[in-house]
Amino acid sequence: MSRRTVGIRRAAERIDAATPAQRDRAVDALRALAILGVVLGHWLVTALVADGGTLHTASPLQHLPWLAPISWAFQTLAVFFLVGGHVATRGYTSARARGTTYRRWLAARLSRLFKPVAAVLALWTVTATALLLTGAPYGTVRTLVRLALSPMWFLLVFGALTAATPLLLRLHPLWPLAVVLHVDLVRFGLGGPDWLGWVNLAAGWLVPYTLGAAWTRGEPAGRRGGWLLLGGGAAATAVLVAWAGYPASMVGVPGAPVSNLNPPTLAAVTFGLAQCGLALLLRDRLRGGMRHPLAWAAVALVNLSAMTIFLWHQTALMVTTASGLALGTLPGLHTVPDGLDWVAARLAWLPVFVLVLAVCRSAFRAFEQGPRRVGGRPSRVVRVHRSTGPAATKQAHRA
């Protein structure tokens, strides 16, 4: 065994040993899986096609609609909102018990959520300005900026729901689900205006968020609730896709008349319920898997940089694409995604995207984690986990 391998194992064991026994590692594992699912999904279905000196977006789902099941595996935002609702309601309840004001609690929650945004906005403001001043086509610049800033909508919705957490502590998920149902009924069944669908931007993500709050209250209890969500959500989604005309893809497809995600439709919400049910069923298995130090260390590190990874993954894709143009039109990077050869080439590019994203994480993680002190300091994960006793347990549960 090499010295490097031994060092990695020892570091993982230190993180594992510093984690309180009371911490629910399944929560961290679900958050990491949700973030990585979104990242991988975007990398697989987003193409920047070079066309006469300009770049425009395309998707293999346009040309290969039978690949729609890919979106079922990697559209994991519902799980992120489930975990977010669970952690926020648990943290707020704990903060209120300690006497912490709502304003202080919210400032702490939103600070880590939105601080990394400043770096993205600053870099892409400078980049877009420089590209326009050097004569880059406006269409190309607009495409790049829209992709880079596309994760922002998620943060705005998530931040708004976080701010409303005290009002959502006991809201039953059936209420926002009923709103989504009626909006789609008016929009699609009665010929209502398309703008009405944007009501679902809040109501649709309220469903998994309030389901997370129900998780905090101990609902749905046992495996029966998980199976009910999984089976009921999957059956409802199948009916909506097969007989109600909803798209099979759970992500937006360029040129499609209806997107399940932009804004969320009833099919996206029922599919999210199925995902949440599966997540709840996997909790015990994930807790067992997280007992392995290497697995837990990997999950802890992803959680430590979750927002940085999420905000910069599209930039990593675009940096790779732009750099590759110097070598010509490369398959899987600049070509039209209309065949299995493109899919195979894109899979080969994934390690490059990971490497570029790792560089972005190293460069910008201080915006999420805070600057390092002279002489180094333990990571936030280790610092949160290092203390012992009841106070430490409360602090760990807030992470």
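**Reading the helices**

Author: Gladly, and let us begin with helix 16, which is mostly covered: 16 of its 19 residues are buried. Buried means under 20% relative accessible area, exposed over 50%, and partly exposed in between, with a 1.4 Å probe and protein chains only. Helices are DSSP runs (H or I, at least four residues; strands are E, at least two), numbered from the N terminus. This is a predicted model, so local features need pLDDT of at least 70 and side-chain atom pairs count only at pLDDT 80 or more, while totals for chains, interfaces and linings use all residues. Residues are numbered from 1 along each chain as its sequence is written, and side-chain values use heavy atoms, with hydrogens and water left out.

Reader: How far does helix 16 reach from its first C-alpha to its last?

Author: The expected span of a helix is 1.5 Å times one less than its number of residues. Helix 16 (residues 306-324) reaches 27 Å, close to the 27 Å expected for its 19 residues.

Reader: Where is the kink in helix 16 centred?

Author: The bend at a residue is the angle between axes fitted to the seven residues ending there and the seven starting there. In helix 16 the kink is about 40 degrees and is centred on Trp 312.

Reader: At which residue does helix 6 bend?

Author: Helix 6 bends at Ser 111, by about 40 degrees. Its 32 residues (102-133) should span 46 Å, and the end C-alpha atoms are 46 Å apart, so the two values agree. Just after helix 6, Gly 135 has a positive phi of about 90 degrees.

Reader: Which residues of helix 6 are buried?

Author: Among them are Trp 105, Leu 113, Pro 116 and Trp 124. Trp 124 has a relative accessible area of 8%, so it counts as buried.

Reader: What does Trp 124 touch?

Author: Contact means heavy atoms within 4.5 Å. Leaving aside residues up to four places away in sequence, Trp 124 touches Leu 144, Val 145, Ala 148, Thr 315 and Met 318. Trp 124 and Val 145 are 21 residues apart in sequence, and their C-alpha atoms are 6.9 Å apart in space.

Reader: At what angle do the axes of helix 5 and helix 8 cross?

Author: Axes are lines fitted to C-alpha atoms, for helices over the stretch in contact, and angles run from 0 to 180 degrees between N-to-C directions. Helix 5 (residues 77-98) and helix 8 (residues 152-163) have axes that come within 11 Å and cross at roughly 30 degrees. Angles under 35 degrees count as roughly parallel, over 145 as roughly antiparallel, 65 to 115 as roughly perpendicular and the rest as oblique. Helix 5 and helix 8 are therefore roughly parallel to each other. Leu 77, Phe 80, Phe 81 and Gly 84 in helix 5 meet Trp 153, Phe 154, Val 157, Phe 158 and Leu 161 in helix 8.

Reader: Are helix 1 and helix 15 roughly parallel or roughly perpendicular to each other?

Author: The axes of helix 1 (residues 3-18) and helix 15 (residues 293-304) come within 8 Å and cross at roughly 75 degrees. These two helices are therefore roughly perpendicular to each other. Their contact includes Ile 8, Arg 9 and Ala 12 of helix 1, and Pro 293, Leu 294 and Trp 296 of helix 15.
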